[in-house]
Number of protein chains: 2
Amino acid sequence: MDHSTSLLRLIFLALGAALVLLVLRSAFHLPRGIDTPTTSLFDAAAAAGSSCTRFAPWGCRKGDRTKPKPKPPSHETDVPRHPLDPLTVSEINRAREILRAHPPFASSPSSLFVHSLALDEPEKAVVLGWRRGVDPLPPRRAVAVVRFRGEAFVLAVDLAGGAVTPLPVPASGYPTMTMDEQVSLCFAPFADPAFNATIRRRGVRLSDVACLPISLGWYGPTEENRRLIKVQCFSAEGTANFYMRPIEGLTVLVDMDTAEVIHISDRGAGIPIPAAANTDYRYARHMQEEGDPASNGFQKVRAPSMEPAPSGPGVELVDGHTVRWGGWELHLKADARAGMVVSRARVQDPRTGAHREVLYKGMASELFVPYMDPSEAWYFKTYMDAGEYGFGLQAMPLVPLNDCPRHARYLDGVFVAADGRPYVRENMICVFERYAGDVAWRHSESPITGMDIRESRPKVTLVARMVASVANYDYIMDWEFQMDGLIRIKVGLSGILMVKGTAYSHLNQARDNEDMHGTLLSENVIGVIHDHFVTFRLDMDVDGANNSFVRVDMARQETSPGESPRRSYLKATRRVARTEKEAQVRLKLYEPAEFHVVNPTKKTRVGNPVGYKVVPAGTAATLLDPEDPPQKRGAFTNNQIWVTPYNKTEEWAGGLFVYQSKGEDTLASWADRFVSLYLLDFYSIQLMDYYCI
Amino acid sequence: MDHSTSLLRLIFLALGAALVLLVLRSAFHLPRGIDTPTTSLFDAAAAAGSSCTRFAPWGCRKGDRTKPKPKPPSHETDVPRHPLDPLTVSEINRAREILRAHPPFASSPSSLFVHSLALDEPEKAVVLGWRRGVDPLPPRRAVAVVRFRGEAFVLAVDLAGGAVTPLPVPASGYPTMTMDEQVSLCFAPFADPAFNATIRRRGVRLSDVACLPISLGWYGPTEENRRLIKVQCFSAEGTANFYMRPIEGLTVLVDMDTAEVIHISDRGAGIPIPAAANTDYRYARHMQEEGDPASNGFQKVRAPSMEPAPSGPGVELVDGHTVRWGGWELHLKADARAGMVVSRARVQDPRTGAHREVLYKGMASELFVPYMDPSEAWYFKTYMDAGEYGFGLQAMPLVPLNDCPRHARYLDGVFVAADGRPYVRENMICVFERYAGDVAWRHSESPITGMDIRESRPKVTLVARMVASVANYDYIMDWEFQMDGLIRIKVGLSGILMVKGTAYSHLNQARDNEDMHGTLLSENVIGVIHDHFVTFRLDMDVDGANNSFVRVDMARQETSPGESPRRSYLKATRRVARTEKEAQVRLKLYEPAEFHVVNPTKKTRVGNPVGYKVVPAGTAATLLDPEDPPQKRGAFTNNQIWVTPYNKTEEWAGGLFVYQSKGEDTLASWADRFVSLYLLDFYSIQLMDYYCI
């Protein structure tokens with residue numbers, strides 16, 4: 001009964017929480033000296049003697065590089081070795097050639113803008129049937145999202161044959177911005193004399209201005225039929241931390257295709273730009289300017305070294321993308337939109353030696369970050385970081401030893417520029433064996449029994465990490481795999497706050513009970529209340545694709561008179577969700593439930609279905625009006641868990657084209673069907689905590 | 001403005017969650033091979049060849065020791081060096097002499113049973129005023145809970161002068177059991193021929209029987225006016241894991257004072273005792289009997305070594321109980337009831353160098369573990385592990401390298417036996433610097449800005465850990481201190497399930513929708529649904545004792561017509577709790593709130609009160625009927641947070657005398673006063689998650 005005993009284990013262990021999202025909030029509020037209890041970001045005292053280094057103007061900011069860059073590893077000769085391997089440099093070049101030769105693009109290839117170009121993953125059955133080292137790779141196809149003369153196309157590209165097949169284009173919304181757009185549109189306002197005059201009126205030199213492209217959501221017909229963006233600007237004078245120096249109230253509406261300034265809104269004339277003093281967070285800068293940073297609140301933190309155990313399992317990286325560790329095997333890759341994709345996570349059955357399916361594909365599907373200030377310069381800040389900016393596009397190279405421990409292995413990302421050319425993002429993902437000094441399992445017998453038993457096993461896990469720096473915020477995304485079969489997803493928020501300028505320099509200037517939409521953090525600086533919702537798509541295939549979603553409700557059961565000295569107990573009731581509607585979960589503390597993904601066709605030795613428990617953690621709920629435009633677009637946050645049948649095209653909870661979308665194509669609309677649930681494609685809306693200063 | 005800038009930091013950082021309880025549930029369901037995805041506790045297949053080692057009978061179980069014990073450090077010569085240091089060996093001996101000489105105990109000192117004897121901590125003002133190396137220690141006093149000829153006394157003992165002062169005795173309930181009672185009462189049933197006959201009828205040799213003392217709660221007048229206990233027995237034949245072999249349905253009611261068997265309930269005649277095969281979890285046993293344990297699902301996990309950084313902060317242990325690390329200074333001690341007590345946790349202000357108060361005292365106050373089966377042999381299982389069993393009394397020596405990493409420092413506990421003599425529990429607490437490969441703070445600039453910034457600081461923390469093995473369960477209690485000022489409390493559940501015997505060996509034998517009160521885990525074994533609620537008492541003194549409790553409610557605010565393109569936003573409203581009633585918190589996901597402990601007399605530079613944010617995590621709610629006897633006793637779980645004014649005697653959320661208490665003296669009764677809240681004694685009911693198989 002080898003089979004059933006280990007099946008039992010899966011559900012048995014799943015108790016420990018199968019997929020857990022923890023809100024780490026590593027400390028996203030203290031850019032400087034965060035790892036010491038000593039320093040404040042807004043620290044006037046130490047400022048006096050510092051000679052604020054002037055920054056080059058925006059366009060020249062690249063001149064600020066001080067460290068030589070290590071030569072990136074060459075990916076020119078990469079070849080795919082697994083059906084799920086991402087497109088290689090040469091495959092991207094091949095796809096580019098095909099697209100540029102494809103009519104009507106061939107008429108003007110320079111008018112073709114590539115918004116995304118990625119592997120079109122083969123059908124699940126094909127991937128499951130493929131045997132490493134035995135079978136040839138299935139045909140390689142790409143899926144491209146391009147724009148040509150103002151029109152968007154979604155195209156399947158057969159890399160071998162060169163065929164280009166059009167796929168459906170969403171009715172509303174636009175593709176994810178290209179990095180080229182995000183960079184270039186920041187310069188657009190400078191071409192407008194009115195903008196320059198405004199900046200000068202605010203007392204800022206044009207050469208000190210740094211701007212950010214802010215996606216503007218969707219607020220009605222006036223914003224339709226053209227791609228728009230709002231540009232917000234800061235003074236970078238005297239600090240690398242320009243985020244702390246908003247030119248408040250100034251919003252420039254720009255046409256993304258023509259770079260034309262459509263409208264300038266300036267409601268901030270009376271609001272001073274917060275001071276630069278003590279906002280710079282760079283360790284080296286403090287070393288240079290103020291001597292020993294430790295004396296200025298920087299604690300020299302050196303991490304203890306995590307040395308691998310001589311006989312530990314060790315992390316094995318096969319063919320560049322397949323990770324093997326401690327019984328786990330999984331495929332890992334960078335993705336321009338999702339950031340990091342975990343595929344085919346399988347865990348070894350010790351009896352048979354076979355790898356048993358757990359998760360076919362897991363990834364961040366969308367982020368929704370609404371700010372809670374309805375005023376002119378802030379109401380539209382309701383970001384969807386994956387679909388608007390590209391969560392992977394914003395992932396920077398990790399810092400060895402500080403972002404990941406010694407002995408970590410690194411994976412690069414290969415992405416595509418707007419002109420269709422490939423580029424390499426080095427060290428974008430790290431994989432390492434973690435030992436945090438914790439206990440995996442232990443038991444001591446107490447003196448009650450008199451047995452001298454002290455058993456304890458250290459907890460060693462596998463971590464795959466990437467960090468996306470979406471402008472000011474840094475999202476640290478960890479997938480952690482335990483030897484007992486548990487998978488834990490952690491999201492850490494770090495980086496810098498997006499703050500609002502204010503005329504107030506002390507709380508006593510505010511009216512009683514004034515709604516500042518946040519907290520006065522420093523002179524002229526308000527931290528604005530906002531949420532971070534992170535949605536994960538989990539395609540669970542527990543022991544195969546035939547999975548069901550089970551809700552185990554726990555409720556008070558009163559006993560009958562005379563039945564027991566107890567009046568009540570907690571009774572669990574299992575219900576298999578029959579439709580998508582039944583699988584929509586809104587969590588309630590006093591109506592608790594557990595959520596299992598089970599394979600009803602596979603039973604344990606004693607007859608229970610094999611399964612995993614899904615544990616939402618760090619949960620929060622959206623409080624916005626469901627009819628508020630941002631909430632319609634972010635309607636996938638209306639529930640904490642959704643379950644939809646497998647559909648390869650329904651990967652993005654906010655829809656394929658999120659930019660300026662109206663919310664017509666979200667998980668919330670798909671899941672309103674009354675489709676029978678048997679073969680599962682599991683969407684888990686894992687909500688991060690409120691952020692309120 | 002040094003003062004205010006770092007004050008700002010406190011509230012600023014508090015965002016990151018000041019005091020967080022995370023439910024780790026390290027994996028309390030897989031005693032064997034838990035750190036491998038390979039083995040099941042109930043694993044029939046591998047059993048065939050194993051020659052089950054017979055165990056010596058219960059009383060001789062100590063003969064089973066195989067490893068030589070390291071010689072314990074001598075504490076004979078310990079002297080107290082800090083006002084909060086626990087009683088030393090010689091102080092305990094001195095207190096014992098005083099008590100035994102005290103009338104009326106002097107007439108028959110052997111009839112005096114010591115249930116607890118611990119430091120009577122000096123008044124807060126005295127402790128705060130004491131200067132190390134300058135002032136002499138304040139007078140040392142002990143507080144003793146004793147029983148003499150059936151009567152309980154609470155006594156203050158002046159160790160220098162020898163004066164004994166009676167303190168109030170609770171109206172109901174009995175003191176925490178002594179370890180001597182817990183051990184000896186297991187033998188009581190064997191003196192009863194009817195019990196022995198019952199055991200033989202169940203086919204178990206008396207020499208194989210192992211029993212546990214089960215606190216019986218309180219269920220009405222029939223159980224009053226004498227100390228009672230219920231004894232439940234198991235077969236230890238063929239396994240150290242007797243927990244898996246319940247002699248189901250057999251409950252023996254015993255008088256704790258006379259050891260007399262009052263009643264034997266046997267409703268389990270038809271229920272077989274589950275098999276021993278494959279239940280033993282000991283690594284060495286598998287090594288002996290089955291060769292390489294790895295071949296049997298035991299993975300040889302060796303933890304990577306966490307080597308301290310050459311220039312890292314390092315853990316300093318001063319005078320045995322004061323821990324200094326990374327700006328933190330705190331006092332740490334073992335406690336027979338609470339397990340581990342953290343006192344005077346202070347964090348260094350980098351500007352002034354002074355240590356600023358954060359937490360005067362923090363500890364687990366009570367645990368409540370109600371099982372959810374109303375039947376005769378289970379309804380009473382509603383444990384209060386601290387007040388009934390002694391959470392510290394059940395803490396066993398930690399296993400170096402497996403329970404705590406290399407380089408951990410260890411603290412012993414000095415406790416008191418029923419006869420008043422001291423004994424040492426070695427290596428009961430460990431303290432270590434943790435590096436888990438995580439990031440404390442980081443920021444990269446994305447290509448949007450073109451600035452080549454990649455700042456990242458590794459996260460290094462201090463962990464203080466103890467583990468209580470309350471019979472089958474092992475609670476791993478961590479207090480973690482971060483350099484940014486955050487304190488995190490983690491509870492991990494490990495060990496072995498308390499299971500119920502059943503006639504079923506397969507689920508297909510059960511009726512449709514039959515309420516089994518749990519899940520069939522293996523042949524004849526049900527895991528019974530239960531909760532674990534862990535309550536912490538936190539006496540926060542943020543920058544001094546004058547603290548207030550602030551509730552920040554977040555709610556939807558609709559905009560006025562024409563005010564904004566947004567229809568709604570989230571508005572935060574701060575309310576200072578005026579009474580204990582106002583500070584009672586029942587968490588709701590869709591009515592979210594934050595909870596701050598602030599010092600209204602200390603303001604940040606811009607005018608915000610200095611404070612800490614308290615973040616309940618891993619929360620759950622009790623679903624029992626409030627009028628159910630166990631819930632009346634566990635009424636301190638009715639809310640997730642309570643706040644009461646400082647009262648040194650209100651330390652135990654379930655009352656001083658929990659055993660057989662009726663729930664008249666719990667946090668729920670104290671907090672129903674309408675007392676003004678200004679000087680805070682903060683009770684946080686941190687609820688652990690539901691446990692339902």
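Mentor: Let's begin with the term itself: a disulfide is a pair of cysteine sulfur atoms within 2.5 Å. This is a predicted model, in which local features need pLDDT of at least 70 and side-chain atom pairs count only at pLDDT 80 or more, while totals for chains, interfaces and linings use all residues. Side-chain values use heavy atoms, leaving out hydrogens and water; residues are numbered from 1 along each chain as its sequence is written, and chains are lettered from A and ligands numbered from 1 in the order in which they are written.

Trainee: What makes C404(A) and C430(A) a disulfide?

Mentor: Their S to S distance is 2.2 Å, and the cut-off is within 2.5 Å, so the pair qualifies. The link is left-handed, with -90 degrees about the S-S bond. C404(A) sits in the loop between α7 (385-389) and β17 (409-416), and C430(A) in strand β18 (residues 422-444), 26 residues apart. Those elements are DSSP runs numbered from the N terminus (helices H or I, at least four residues; strands E, at least two).

Trainee: Why is the disulfide of C404(B) and C430(B) given its handedness?

Mentor: The torsion about its S-S bond is about -90 degrees, so this disulfide is left-handed. The link of C211(B) and C233(B), by contrast, has 100 degrees and is right-handed.

Trainee: How do you know whether C211(B) and C233(B) are buried or exposed?

Mentor: Buried means under 20% relative accessible area, exposed over 50%, and partly exposed in between (1.4 Å probe, protein chains only). C211(B) has 0%, so it is buried, and C233(B), at 1%, also counts as buried.

Trainee: Then what about C186(A): which cysteine sulfur is nearest to it, and how do you know whether they are bonded?

Mentor: The nearest is that of C211(A), 6.3 Å away. A pair must lie within 2.5 Å, so C186(A) is in no disulfide. C186(A) is buried, at 0% relative accessibility.

Trainee: Turning to strands, how do you know that β23(A) and β24(A) pair?

Mentor: Strands pair if DSSP finds at least two bridges between them. Four bridges join β23(A) to β24 (residues 525-528) of chain A, so they pair, and they run antiparallel. One bridge sets G518(A) against V528(A).

Trainee: What makes β22 and β23 of chain A edge strands?

Mentor: The open sheet has the order β22-β24-β23 in chain A. β22 (499-501) and β23 (518-522) each have a single partner strand, so one side of each is left without a neighbour in the sheet.
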